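Please read this briefing beside the sequence and the model.

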Amino acid sequence: TVTLKSGATITPSFILYAVGRIPEPIDSIETIIGDACGQIQLAHYAIQQGMSFVSGKTTNLDKNLIPSVIYGEPEIAWVGLREQDCTDDCQKISLPITALGKSWCDDATEGFIKIIAKNDKILGAHIVSKEASALIQQILIAMQNDVKISKLKEVCFAHPTYSEGIFEALFRL
């Protein structure tokens with residue numbers, strides 16, 4: 001039986017308690033895959049670990065290439081280097097979402113796209129916007145494949161879209 005803050009009591013079939021997690025591995029696989037490994041506790045990271053394990057790869061996944069997302073209105077997403085970890089020779093650009101026609105069409109003008117770069121490479125990005133969870137994947141694909149910013153500037157981005165914000169930001173670097 002659970003007593004609610006209001007004083008009411010309920011008797012649920014199950015209770016999900018999700019305030020912090022402490023891994024309790026049952027066997028050797030659980031110590032290297034998923035939440036039990038004590039690393040990044042995200043489902044998509046656990047999936048990548050599992051795929052790596054099944055394929056026989058023993059290399060560690062690059063934690064800088066694991067996207068994080070907070071789902072809300074607007075969404076928040078990030079990958080790679082954080083601004084506070086940048087050296088003085090990093091380039092940083094922040095493009096307000098209000099610069100995008102699509103944001104005005106959707107009445108979703110809150111947010112920005114921030115890209116951190118150095119030597120023609122993207123090192124990280126932070127996005128607060130509608131569709132941030134999808135936009136961060138474009139950045140991640142470029143980072144993971146070492147696509148130079150100069151090459152990304154040659155890509156034709158559709159207009160009006162949120163993804164053209166990446167294009168706009170890159171041209172400001």
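At 25% relative accessibility, Asp 106 counts as partly exposed, a class that lies between buried (under 20% relative accessible area) and exposed (over 50%), with a 1.4 Å probe and protein chains only. The model is a predicted one, in which local features need pLDDT of at least 70 and side-chain atom pairs count only at pLDDT 80 or more, whereas totals for chains, interfaces and linings use all residues. Residues are numbered from 1 along each chain as its sequence is written, and side-chain values use heavy atoms, with hydrogens and water left out.

**Salt bridges**

- Asp 106 forms a salt bridge with Lys 130, the closest N and O atoms being 3.6 Å apart; the term stands for a side-chain nitrogen of Lys or Arg within 4 Å of a carboxyl oxygen of Asp or Glu.
- This pair links distant parts of the chain, since Lys 130 is in the loop between E7 and H3 and Asp 106 in the loop between helix H2 (101–105) and E6, 24 residues apart.
- Lys 130 is partly exposed, at 35% relative accessibility.
- The count comes to 7 salt bridges by this rule, and one of them joins Asp 89 to Lys 118, with the closest N and O atoms 3.1 Å apart.
- Because Asp 89 lies in the loop between E4 and E5 and Lys 118 in strand E6, the pair ties together parts that are 29 residues apart in sequence.
- Both partners count as partly exposed, Asp 89 at 47% relative accessibility and Lys 118 at 26%.
- Glu 154 and Lys 151 also meet through their side chains in a salt bridge (3.1 Å, N to O), in which Glu 154 is exposed with a relative accessible area of 58%, while Lys 151 is partly exposed at 47%.
- Salt bridges that share partners join Lys 102, Asp 106 and Lys 130 into one network.

**Overall architecture**

- The chain has 5 helices and 7 strands, which are DSSP runs numbered from the N terminus (helices H or I, at least four residues; strands E, at least two).
- Along the sequence these elements follow the pattern β-β-α-β-β-β-α-β-β-α-α-α.
- Of the 173 residues in the chain, 31% are buried.
- Among contacts (heavy atoms within 4.5 Å) with a separation of 6 or more, 50% are between residues 24 or more positions apart.

**Helix H5 and its cover**

- In helix H5 (residues 164–171), the buried residues are Glu 164, Gly 165, Ile 166, Ala 169 and Leu 170.
- The cover over these buried residues includes strand E5 (91–96), strand E6 (112–118), strand E7 (121–129), H3 and helix H4 (149–152).

**Surface**

- The accessible surface of the chain comes to about 11,200 Å², of which 55% belongs to carbon and sulfur atoms; such areas come from the Shrake-Rupley method with a 1.4 Å probe, and for residues only the protein chains shown count as cover.
- Ile 70, Ile 76 and Trp 78 make a nonpolar surface patch of about 240 Å², where patches are made of residues with over 30% relative accessible area and no salt bridge, like charges being joined within 9 Å and nonpolar side chains (Val, Leu, Ile, Met, Phe, Trp, Tyr) within 5 Å.
- Ile 76 belongs to strand E4 (residues 75–80) and counts as partly exposed at 32% relative accessibility.
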